[in-house]
2 protein chains.
Amino acid sequence: MPIKLYYDLMSQPSRCLYILFKFIKCDFESKYVDLRKAEHYTEEYAKINRFQRVPVIDHNGFVLTESVAILKYLSREGIIPENLYPRESKRQARVEEFLEWQHMELRLPCAFYFRTKYLEPVMFGTKPSPQRISGFEQRMEQALTNFSTKWLGRGSDFVTGDAVTVADLIAICELEQPRMAGYDPREKFPVINEWYQKVRNHFNPYYDEAHVIVNKVIAKQAKLASKL
Amino acid sequence: MPIKLYYDLMSQPSRCLYILFKFIKCDFESKYVDLRKAEHYTEEYAKINRFQRVPVIDHNGFVLTESVAILKYLSREGIIPENLYPRESKRQARVEEFLEWQHMELRLPCAFYFRTKYLEPVMFGTKPSPQRISGFEQRMEQALTNFSTKWLGRGSDFVTGDAVTVADLIAICELEQPRMAGYDPREKFPVINEWYQKVRNHFNPYYDEAHVIVNKVIAKQAKLASKL
């Protein structure tokens with residue numbers, strides 16, 4: 001039975017798993033959960049994932065949530081190849097060090113910025129104050145500085161060394177969120193820009209395929225901003 | 001060479017590793033990093049951990065940060081026994097599902113509350129408004145409700161089943177942080193209280209030993225509150 005993937009391409013870890021499955025040619029059953037229609041809040045979906053979020057996998061009846069835990073599981077099960085998720089203990093630890101770091105240090109500040117500047121106004125009609133946006137932007141820029149200097153910019157091409165891994169894929173999908181809110185991390189951070197192109201190319205055409213809707217939002221936001 | 005552990009017992013994941021090492025009788029070299037003296041911000045410490053945080057381990061020259069990544073590494077290296085960190089893939093995935101979930105869903109709300117109500121006033125002399133504290137308290141209570149009903153309270157004794165694992169140890173250490181700020185999760189959540197006693201007993205005398213300073217802060221705060 002193919003793995004079932006419950007996802008929405010507006011969700012960054014969903015995109016990560018979607019791209020990964022396509023890239024490694026892992027046949028999966030697509031279970032689209034439309035977040036904009038609040039399908040994750042239905043009773044039916046709560047039976048699948050009591051946390052009512054995406055992504056989720058169902059592997060022969062074993063249902064698992066949390067993208068990082070899913071990556072680890074798929075690696076152990078031999079579904080993610082070793083080059084993308086090292087098996088050697090110390091190299092694996094370096095990838096996992098990043099996977100743990102990014103929750104609070106990259107994802108959180110990018111997601112807060114996205115939510116405050118883009119998502120809440122769209123969903124609830126709120127208008128955040130410039131001070132509020134600026135506060136979240138500052139925290140995000142500190143995070144991007146750390147990502148650019150403490151992970152990248154240390155002489156290697158990718159997050160944990162000279163080979164692309166799931167760490168790069170998790171990171172790049174996060175960086176698309178602020179772009180939807182009109183902030184492009186690639187503009188202020190040349191090291192991030194260089195890395196971004198390499199990772200995107202590596203996972204293309206699937207990277208661009210997974211980002212079709214995201215890129216539409218980015219283009220629409222850019223058009224709106226140019227009219228201001 | 002024994003593992004070097006860089007830690008401060010005011011840091012919840014530091015306490016987790018400290019208790020674990022003592023409990024499994026793993027000889028370690030104690031490297032105390034006094035956060036209150038800002039020793040983590042020294043140049044010397046930045047050479048050990050570029051993120052300037054605790055805990056960190058040094059295992060025969062391999063330096064690793066991020067408590068969850070450390071737990072995984074120590075499990076792979078056979079240092080954490082199987083009963084505390086399952087090796088079987090699906091049981092391991094359940095523990096890791098929690099380890100990933102807790103970053104944003106338990107740690108963050110507990111830490112925000114602790115920082116706003118206790119740490120910032122102590123460190124910077126700020127006085128948070130009752131509204132601000134109440135906002136953080138509400139988010140923390142939602143998190144505690146989720147922890148109490150979606151992990152505990154499902155018919156098993158511990159976070160991921162009928163045996164105590166590193167998931168319980170990570171969780172219980174987090175719940176001490178709001179206690180230092182005068183909020184005891186055990187009072188409103190009987191399921192948490194019952195679980196707390198079991199986990200604490202399991203890891204005692206090391207649990208109480210690691211919490212001597214934390215318990216002094218809790219007692220001092222309770223005394224201050226009773227005078228209000």
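## Basis

The model is predicted: local features need pLDDT of at least 70 and side-chain atom pairs count only at pLDDT 80 or more, while totals for chains, interfaces and linings use all residues. Residues are numbered from 1 along each chain as its sequence is written, chains are lettered from A and ligands numbered from 1 in the order in which they are written, and side-chain values use heavy atoms, with hydrogens and water left out.

## The interface of chain A and chain B

Chain A gives 31 residues to the contact and chain B gives 31 residues; contact means heavy atoms within 4.5 Å. The two chains bury about 3300 Å² between them, with 55% of it on carbon and sulfur atoms. Buried area is the accessible area (1.4 Å probe) that two parts lose on being put together, summed over both. Of the area that chain A buries against chain B, 19% is supplied by A:R50, A:R76 and A:E100, more than by any other three residues.

There are 16 residue pairs in polar contact across this interface, both residues at pLDDT 80 or more. A polar contact is a pair of N or O atoms within 3.5 Å; within protein, one must be able to donate a hydrogen and the other to accept it, and residues adjacent in sequence count only if both atoms are side-chain atoms. On the side of chain A that touches chain B, the elements giving two or more residues are β4 (62-65), α3 (67-76), α4 (89-124) and α5 (130-151) of chain A. Helices (H or I, at least four residues) and strands (E, at least two) are DSSP runs, numbered from the N terminus. The largest share of that side, 14 residues, comes from α4(A).

## Salt bridges

Over all chains the count is 37 salt bridges, and between chain A and chain B it is four. A salt bridge is a side-chain nitrogen of Lys or Arg within 4 Å of a carboxyl oxygen of Asp or Glu. B:E105 pairs in this way with A:R53, the closest N and O atoms being 2.7 Å apart. B:E105 lies in helix α4 of chain B and A:R53 in the loop between α2 (43-48) and β3 (56-59) of chain A, so the pair joins two chains. B:E105 is partly exposed at 23% relative accessibility, and A:R53 is partly exposed at 33%. Buried means under 20% relative accessible area, exposed over 50%, and partly exposed in between (1.4 Å probe, protein chains only).

Another salt bridge joins A:E96 and B:R76, with the closest N and O atoms 3.0 Å apart. Within chain A, A:K72 forms a salt bridge with A:E100 at 3.7 Å between the closest N and O atoms. This pair links distant parts of the chain, A:K72 being in helix α3 and A:E100 in helix α4, 28 residues apart. Both A:K72 and A:E100 are buried. Shared partners join A:K72, A:E96, A:E100 and B:R76 into one salt-bridge network.

## The nonpolar core

The largest nonpolar core has 142 residues, of which A:F147, A:W195, B:F147 and B:W195 touch the most other members. A nonpolar core is a set of buried Ala, Val, Leu, Ile, Met, Phe, Trp, Tyr and Cys residues joined through side-chain atoms within 4.5 Å. Not counting residues up to four places away in sequence, B:W195 touches several residues, including B:F147, B:L152, B:F158 and B:I172.

## A buried aspartate

B:D184 lies in the loop between α6 (166-180) and α7 (185-188) of chain B. At 14% relative accessibility, B:D184 counts as buried. The side chain of B:D184 makes a polar contact with the side chain of B:R186 at 2.9 Å.
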